Amino acid sequence: MPHALAQARAAALRGEVPVGAVLCDPAGRVVAAAGNRTRALSDPTAHAEILAIRAACAAAGSERLPGHALWVTLEPCPMCAAAIAAARIATLYYGADDPRMGGVAHGARVFDHPQCHHRPVVYDGIGGAESQALLRGFFAARR
Ligand SMILES: [Zn+2]
């Protein structure tokens, strides 16, 4: 999670919403890391999780990442949760809750939906306070 938080901090410095993600293979090696780049790429889908999943899948030459763990500083949105399920990621660790945009414990609750055919093991609140502080600081500075 410290690595994901570093990605979130780097995203904030680029003027992006500070969210970071790190993907680890079944041996625990980091295979991809990314921060939000929606503004830099003019791409509403360029969330940290999506970028990390794309990079890891490209490196693996596979659209699935069985046995992999995704660490992300904020509760994934419904789009990212769907991508996590599609990639068959085994374990999801996330930091802060996101009652407004989250799609795991809030809103669409993608993994609990009957249409979802892969549910990762989910651990929330990992480094949540630090992630929340980063987000609060970022949005406070913009008001
Ligand atoms: Zn997302």
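**Tour of the predicted chain**

Start with the whole chain of this predicted model. Of the contacts between residues at least 6 apart in sequence, 57% join residues at least 24 apart. Colour by secondary structure next: the chain holds four helices and five strands, arranged along the sequence as α-β-β-α-β-α-β-β-α. The radius of gyration is 14 Å, close to the 15 Å that the globule rule gives for 143 residues, so the chain is as compact as a globular protein of that length. Its C-alpha trace spans about 40 × 30 × 25 Å along the principal axes. Buried residues account for 41% of the 143 residues.

Now select His 47, Cys 77 and Cys 80, where an unreviewed UniProt entry places the feature "binding site". These positions are spread over 34 residues of sequence but cluster in space, with a largest C-alpha distance of 9.1 Å.

Centre on His 47. This residue lies in the loop between β2 (30-35) and α2 (48-60). Is His 47 buried or exposed? It is buried, because 26 other C-beta atoms lie within 10 Å and the cut-off for buried is 20 or more. Leaving aside neighbours within four places in sequence, show the contacts of His 47: Val 19, Asn 36, Thr 38, Cys 77, Met 79 and Cys 80.

Move to Cys 77, in the loop between β3 (69-74) and α3 (78-86). Cys 77 is also buried, with 23 other C-beta atoms within 10 Å. With neighbours within four places in sequence again left out, Cys 77 is in contact with His 47, Met 101, Gly 102 and Gly 103.

Note on methods. Residues are numbered from 1 along each chain as its sequence is written. This is a predicted model: local features need pLDDT of at least 70, side-chain atom pairs count only at pLDDT 80 or more; totals for chains, interfaces and linings use all residues. UniProt positions are given in the numbering used here, feature names are shortened, and annotations may be inferred rather than shown by experiment. Helices (H or I, at least four residues) and strands (E, at least two) are DSSP runs, numbered from the N terminus. A residue is buried if 20 or more other C-beta atoms lie within 10 Å of its own, exposed if 12 or fewer, and partly exposed in between; C-beta atoms are placed from the backbone. Two residues are in contact if their C-beta atoms, placed from the backbone, lie within 7 Å. The radius of gyration is taken over C-alpha atoms; the globule rule is 2.2 Å times the number of residues to the power 0.38.
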